[in-house]
Amino acid sequence: MTGRMKGKAVIVTGGALGIGFGIVHRFVQEGAGVLLVDLNEEAARAAAEKLAGPGRVEVYPADVGAEETGEKVVARCVEVFGGLDILVNNAGIFPQAPVLEMAPELLDQVYRVNLKGLILIAKAAALQMVAQGRGGRIINIASIDAFRPSMVGLAAYDASKGGVVMFTKSLALELAPHNITVNAVAPGAIYTEGVAEADVSMEEFAKRIPLRRVGKPGDIAGVVAFLASADADYITGETIVVDGGALLT
Ligand SMILES: NC(=O)c1ccc[n+]([C@@H]2O[C@H](COP(=O)([O-])OP(=O)(O)OC[C@H]3O[C@@H](n4cnc5c(N)ncnc54)[C@H](O)[C@@H]3O)[C@@H](O)[C@H]2O)c1
């Protein structure tokens, strides 16, 4: 697959760690130019140093929840890579609190990053893609929690990811006349830095997964790369579940 994404300009949010880094790594391997957007500048620079060609990576430190981020990252991508072909909206947060103990601030924080930020970046990307007139790809990272809660404490997160799935469909309908496809990937349990910090036991999850292992960032990156490729030309508005069969149980 090396070279499949040669000449493509890609934005990946939350690309410093975890699933996002797996996605950046995959696109760089396939020859793309990637703008790695992340709040954590130090981790982003360390991530970029780990990557070797054939593609190229440029770090852009930014908070996806800030209203101006979409326009800024798109402008930077055009400046560095000459346009924008693919947006991967991956950055997301999963702070835990049962609804009965939830502070309103947690709701604001989750929706600001997971939904409002994702929507505004998609808007800015879509405006650029429409202006370019050569189609494009928008890929949002949802979660299997959009379809079934995995545990108590993630209600705000689960609702935000349900929103991501429905926004994906609405935007797909709106952008189809421009040959811009909009799809989502819904990961199950994937072992990442963020999950390592959270109060969840991956061993417990693994026991309940039919394929008997938790996922790795590469499991998601491969499906994102497929959705970004010509093989997925005729798919739009879809959410692909990548969970080792977890939703079957
Ligand atoms: N890991 C899982 O099991 C799992 C399951 C389902 C869905 N997801 C989703 O996948 C995505 C990535 O998850 P992960 O486990 O890799 O997370 P992670 O916490 O390991 O990494 C997230 C990255 O996003 C960055 N980030 C966080 N907030 C940001 C902001 N406001 N602006 C810019 N960057 C920001 C972080 O600095 C970090 O580099 C999230 O949307 C998450 O909801 C993860």
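**Entry 1. Overall make-up**

How many helices and strands are there in the protein chain? I counted eight helices and seven strands, where helices (H or I, at least four residues) and strands (E, at least two) are DSSP runs numbered from the N terminus. I note that this is a predicted model, in which local features need pLDDT of at least 70, side-chain atom pairs count only at pLDDT 80 or more, and totals for chains, interfaces and linings use all residues. Residues are numbered from 1 along each chain as its sequence is written.

I looked up the dimensions next. The C-alpha atoms of the protein chain fill a box of roughly 45 × 40 × 35 Å along the principal axes.

A residue is buried if 20 or more other C-beta atoms lie within 10 Å of its own, exposed if 12 or fewer, and partly exposed in between, with C-beta atoms placed from the backbone.

**Entry 2. The nonpolar core**

I examined the largest nonpolar core, which has 73 residues. Such a core is a set of buried Ala, Val, Leu, Ile, Met, Phe, Trp, Tyr and Cys residues joined through C-beta atoms within 7 Å. Among the residues that touch the most other members are Ile 11, Val 12 and Ala 125. Helix α4 (residues 104-132) gives the most to this core, with nine residues. Leaving out residues up to four places away in sequence, I listed the contacts of Ile 11, which include Leu 35, Val 73, Cys 77 and Ala 125; two residues are in contact if their C-beta atoms, placed from the backbone, lie within 7 Å.

I also checked Leu 106, which lies in helix α4. Leu 106 is partly exposed because 17 other C-beta atoms lie within 10 Å. Beyond its neighbours within four places in sequence, Leu 106 contacts Pro 95, Ala 97 and Ala 156.

**Entry 3. Strands β6 and β7**

I found strand β6 (residues 180-187) and β7 running parallel, joined by four bridges; strands pair if DSSP finds at least two bridges between them. Val 185 stands opposite Ile 240 in β7. In β7 (residues 239-242), Thr 239 and Val 241 form the covered face, whereas Ile 240 and Val 242 form the uncovered one.

**Entry 4. Around the ligand**

Which residues come nearest to the ligand? Of the 29 around it, I recorded Gly 14, Gly 18, Gly 92, Thr 192 and Gly 194. A residue is near a molecule if its C-beta atom, placed from the backbone, lies within 6 Å of it.

**Entry 5. Backbone details**

I noted a cis peptide bond between Gly 53 and Pro 54, with omega about 10°. Pro 54 is in the loop between α2 (41-50) and β3 (56-61).

Asn 179 has a positive phi of about 60° although it is not a glycine. Asn 179 sits in the loop between α5 (155-175) and β6.

Arg 212 likewise has a positive phi, near 60°, and is found in the loop between α7 (202-207) and α8 (217-228). Arg 212 counts as exposed, with 10 C-beta neighbours inside 10 Å.
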